[in-house]
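Grab a pencil and have the model open in your viewer. Below is a handful of exercises, each with a solution you can follow along.

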Amino acid sequence: MSETQPFPFPDHTVDTAPAAARRSMEATTKRLGYLPAPVARLATSPHLLDGFLRLSAMFESTTLDPLSRETVILTIATRNGCEVCVAMHTAKLTSLGADAALIEELRGRQPLSDERLEAVRQFTLEVLATTGAVGDGPMKSFLAQGYTAQNALEVVMGIGVYTMSTLANRMTGAPLDERLAPFAWDEPTA
């Protein structure tokens, strides 16, 4: 067994997956045109797979704009060292037409040139560092960029959803799908 996959989680197909995971797998395949390797491995736990897919869809419908949501996601993915997650969300940012510099800053865990998105990144890190006990200063800085109290709680939601997926993807050793190879990411060294 390899270091990146300490336990052999199977690469399920719709036919080999637990019955309770099949509907989620079929819906994902229909939506994306293929079955991502992380979904195939997460199918080992139909509850986790279904929960993640539902919660991530709910996060997508929050009042945070798409670039702010992706900033939260990539902040969590790089923090947690989930290479497949970073690649998937780099592809998403690219499809959104995000600036290449922004993408590289996020992937490199660097301060963002975009002040508004940097406020989201900093707020996400502050929520994590304080386990939610965010002080007045960081909250005011976040709100000063046009975000709302609702957005603050939506950041918490994004942290929860994408902590779940990054940890599960790392645990299962989810490989990078070939179509995501152009967006591959290696965790920066300190």
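Predicted model: local features only at pLDDT ≥ 70, side-chain atom pairs only at ≥ 80, totals over all residues.

Residues are numbered from 1 along each chain as its sequence is written, and side-chain values use heavy atoms, with hydrogens and water left out.

**Exercise 1. Work out how helix 7 packs on helix 9.**

Step 1: Find the elements. Helix 7 covers residues 115–129 and helix 9 covers residues 149–172. Helices here are DSSP runs (H or I, at least four residues), numbered from the N terminus.

Step 2: Get the geometry. Two packed helices are described by the angle between their axes and the distance between the axes. The axes of helix 7 and helix 9 come within 10 Å and cross at roughly 70°. That makes helix 7 roughly perpendicular to helix 9. Axes are lines fitted to C-alpha atoms over the stretch in contact, and angles run from 0 to 180 degrees between N-to-C directions; 65 to 115 degrees counts as roughly perpendicular, under 35 as roughly parallel, over 145 as roughly antiparallel and the rest as oblique.

Step 3: List who touches whom. From helix 7 come Phe123, Thr124, Val127 and Leu128, which meet Ala152, Val155, Val156 and Ile159 of helix 9. Contact means heavy atoms within 4.5 Å. The residues of this contact split into seven nonpolar, one polar and no charged (Ala, Val, Leu, Ile, Met, Phe, Trp, Tyr, Cys and Pro count as nonpolar, Asp, Glu, Lys and Arg as charged, and the others, Gly among them, as polar).

**Exercise 2. Now try helix 1 and helix 3.**

Step 1: Helix 1 (residues 19–32) packs against helix 3 at an angle of about 35°, with the axes 8 Å apart. The crossing of helix 1 and helix 3 is left-handed.

Step 2: Ala20, Ala21, Arg23, Ser24, Met25 and Thr28 of helix 1 meet Pro46, Leu49, Asp50, Leu53 and Arg54 of helix 3. The tally for this contact is six nonpolar, two polar and three charged.

**Exercise 3. How many aromatic pairs are there, and what kind is the one between Phe52 and Tyr162?**

Step 1: Set the rule. Rings of Phe, Tyr and Trp (its six-membered ring) pair if their centres lie within 6.5 Å; planes under 30 degrees apart count as stacked, over 60 as edge-to-face and the rest as tilted.

Step 2: Count. By this rule there are four aromatic pairs. The ring centres of Phe52 and Tyr162 sit 5.7 Å apart with their planes at 90°, so this pair is edge-to-face. Phe52 lies in helix 3 (residues 46–60) and Tyr162 in helix 9, so the pair ties together parts 110 residues apart in sequence.

Step 3: Check burial. Phe52 is buried at 13% relative accessible area, and Tyr162 counts as buried at 5%. Buried means under 20%, exposed over 50% and partly exposed in between (1.4 Å probe, protein chains only).

Step 4: Look at another pair. Phe142 and Tyr147 are stacked, 4.6 Å centre to centre with 5° between the planes. Phe142 is buried at 1%, and Tyr147 is buried at 4%.

Step 5: Phe52, Phe59 and Tyr162 form one aromatic cluster.

**Exercise 4. Is Thr71 buried or exposed, and which residues is Thr71 in contact with?**

Step 1: Thr71 is in helix 4 (residues 66–79). At 0% relative accessibility, Thr71 counts as buried.

Step 2: Leaving aside neighbours within four places in sequence, Thr71 is in contact with Leu106, Leu112, Leu117, Val120 and Arg121.

Note on methods. Helix = DSSP H or I, 4+ residues; strand = E, 2+ residues; numbered from the N terminus. Left-handed = near helix turned anticlockwise from the far one by under 90°.
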